[in-house]
Amino acid sequence: MAAASRARVAHLLKLLQSASCQCPTHSHTYSQAPGLSASGKTTDYAFEMAVSNIRYGAGVTKEVGMDLQNMGAKNVCLMTDKNLSQLRPVQVAMDSLVKNGIHFKVYDDVRVEPTDASFMEAIEFAKKGAFDAFVAVGGGSTMDTCKAANLYSSSPHSEFLDYVNAPIGKGKPVSVPLKPLIAVPTTSGTGSETTGVAIFDYEHLKVKTGIASRAIKPILGLIDPLHTLHMPDRVVANSGFDVLCHALESYTALPYHQRSPCPSNPIARPAYQGSNPISDVWAVRALHVVAKYLKRAIRSPDDLEARSNMHLASAFAGIGFGNAGVHLCHGMSYPISGLVKTYKAKDYNVDHPLVPHGLSVVLTSPAVFTFTAAMFPERHLEAAEILGADIRTARARDAGLVLADTLRKLLQDLNVDDGLAALGYSAADIPALVRGTVPQERVTKLAPRPQSEEELYALFEASMKLY
Ligand SMILES: NC(=O)c1ccc[n+]([C@@H]2O[C@H](COP(=O)([O-])OP(=O)(O)OC[C@H]3O[C@@H](n4cnc5c(N)ncnc54)[C@H](O)[C@@H]3O)[C@@H](O)[C@H]2O)c1
Ligand SMILES: [Zn+2]
């Protein structure tokens, strides 16, 4: 990085970091919702853990046909994407269905990084098929598409926006019964097999949003590490960065008891509730695994130990963030993906421009954690230490910069694109990126520190170049 550019980013980060300290030690009344008292009456007092059943084992996909038979499924929809439909993970799942006499239809038109239009096509397929169970074999794109297909085919009179997160959609709670969905993840990234979240690109607004409800989570996640041996280098890297950010963001999110409002009925308690002691356990564990195995998993396709551990870490982080939520890296990533111009991601076998989710998330992480560290410096320092930083002489007020440096070093070591500029963005795009972040309240309000539009602007600016 040129000296002038380095000085500019350092200056921006200093500004982000040095805004008045609002950490709990100095501000006992802090709440993301302005005007609410901290008496405990308007903020939540409880959190709930919702997780799919998980079965882990090398080769466990061969059991999926028996699972469907055990649940009496007669007419099954198997969803995947075109690339995976030619690969072994889908073949193994289909063989199991055939062997167990399960009648099924394949939908392999899942779009990598799905859109509302691609969700709608899958929903139509599901409605026509009148299926009594679903199997998703793929990454987050496939699992999320399958969740949406299950939801809307079970609630055929709903409008598409009914269940989409507010304020983009109506965010209605799901009260209809869904069909069982078994998820077989083939990336080590989203943790979607454990969560009630389905993300898509809302093309009309050019931002990603999603559906978040415990009701749409799979009944079973079959985590089969043999599938990870097929992943190309950049898919391992980008999906691994997703795990990293799920863990970092859920661990540093606003605590659940500082989130407002307190729901009057448990059905209205959001899936993303804020950091909590149970999610914390999973997030920290996931960080340790990422620190130990991510580089190995990327560099050595045959390293089954590393790839298996990353596959598990993806579920660990999923259990954590699926209940605690994520915050600014994810909130800012949605317009980064949605506004993509011509960027083509290496190793992604698709015919459209695409910023892979994990990449869109991780590129802002140094700036984001510089900004949020003022709130929970100990957690930021702890994360940096887990990721390899020497924090023996670090002061609390440097926590954000220490974590940011650690992240930058990791990304540089792994040949990651040098910031948003490398994806084709420039300063002229920042207003649109900020506009796309503002409606992502479901996650941005979980940031431990509220953000003004000027601060979002500075965060994007500081993420244009990293090294
Ligand atoms: N539901 C959630 O909780 C959640 C969380 C994070 C991200 N997401 C969403 O998930 C999507 C990203 O999912 P992803 O990162 O898992 O990737 P993906 O599903 O988009 O797949 C990426 C590419 O990798 C290929 N691929 C997948 N597994 C492979 C394998 N084993 N071998 C060879 N190729 C393989 C796919 O065919 C595709 O080309 C985004 O839309 C993101 O917003 C959802
Ligand atoms: Zn993610």
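1. A crossing is called left-handed if the near helix is turned anticlockwise from the far one by less than a right angle, and right-handed if clockwise. Helices (H or I, at least four residues) and strands (E, at least two) are DSSP runs, numbered from the N terminus. By these terms, the crossing of H6 and H7 is left-handed.

2. The model is predicted: local features need pLDDT of at least 70, and side-chain atom pairs count only at pLDDT 80 or more, whereas totals for chains, interfaces and linings use all residues. Residues are numbered from 1 along each chain as its sequence is written, while chains are lettered from A and ligands numbered from 1 in the order in which they are written.

3. Domains. The protein chain is split into domain 1 (3-49 + 233-462) and domain 2 (53-230), with bounds that come from an automatic or database domain assignment. The centres of the two domains, taken over C-alpha atoms, are 26 Å apart.

4. Domain interface. Here 42 residues of domain 1 are in contact with 36 residues of domain 2; two residues are in contact if their C-beta atoms, placed from the backbone, lie within 7 Å. On the side of domain 1 that touches domain 2, two or more residues come from each of H6, helix H8 (304-324), H9, H10 and helix H15 (441-444). H8 gives the most to this side, with 14 residues. By class, this side of domain 1 has 24 nonpolar, 14 polar and four charged residues. In this classification Ala, Val, Leu, Ile, Met, Phe, Trp, Tyr, Cys and Pro count as nonpolar, Asp, Glu, Lys and Arg as charged, and the others, Gly among them, as polar.

5. Ligand shell. Ligand 1 is surrounded by 36 residues, and the closest are Gly139, Gly140, Ser141, Thr187 and His230. A residue is near a molecule or strand if its C-beta atom, placed from the backbone, lies within 6 Å of it. The shell draws at least three residues from each of domain 1 and domain 2. Helix H5 (140-154), strand E6 (197-202), helix H6 (233-252) and helix H10 (357-362) each supply at least two residues, and H5 gives the most, with four. The shell is made up of 12 nonpolar, 19 polar and five charged residues.

6. H6 with H7. Two packed helices are described by the angle between their axes and the distance between the axes. The axes of H6 and helix H7 (residues 277-299) come within 9 Å and cross at roughly 155°. Axes are lines fitted to C-alpha atoms, for helices over the stretch in contact, and angles run from 0 to 180 degrees between N-to-C directions. H6 and H7 are therefore roughly antiparallel; angles under 35 degrees count as roughly parallel, over 145 as roughly antiparallel, 65 to 115 as roughly perpendicular and the rest as oblique. Residues in the contact include Gly240, Val243 and Leu244 of H6 and Ala283, Leu287 and Val290 of H7. The contact has 14 nonpolar, three polar and two charged residues.

7. H7 with H8. The axes of H7 and H8 come within 8 Å and cross at roughly 150°, so the two helices are roughly antiparallel. Their crossing is left-handed. Among the residues that meet are Trp282, Ala286 and Tyr293 in H7 and Met310, Ala313 and Phe316 in H8. By class, the contact of H7 with H8 has 16 nonpolar, four polar and three charged residues.

8. H9 with H14. How do helix H9 (residues 328-338) and helix H14 (residues 430-437) cross? Their axes come within 8 Å, at an angle of roughly 125°, and the pair is therefore oblique. The crossing of H9 and H14 is right-handed. H9 contributes Gly331, Met332, Tyr334, Pro335, Ile336 and Gly338 to the contact, and H14 contributes Ala432, Leu433, Gly436 and Thr437. Six of these residues are nonpolar, four are polar and none is charged.

9. Backbone details. The Ala166 to Pro167 peptide bond is cis, with omega near 5°, and Pro167 lies in the loop between H5 and strand E5 (181-185). The bond from Ser260 to Pro261 is also cis, with omega near -5°; Pro261 is in the loop between H6 and H7. Lys206 is not a glycine but has a positive phi of about 55°. Lys206 sits in the loop between E6 and strand E7 (207-212).
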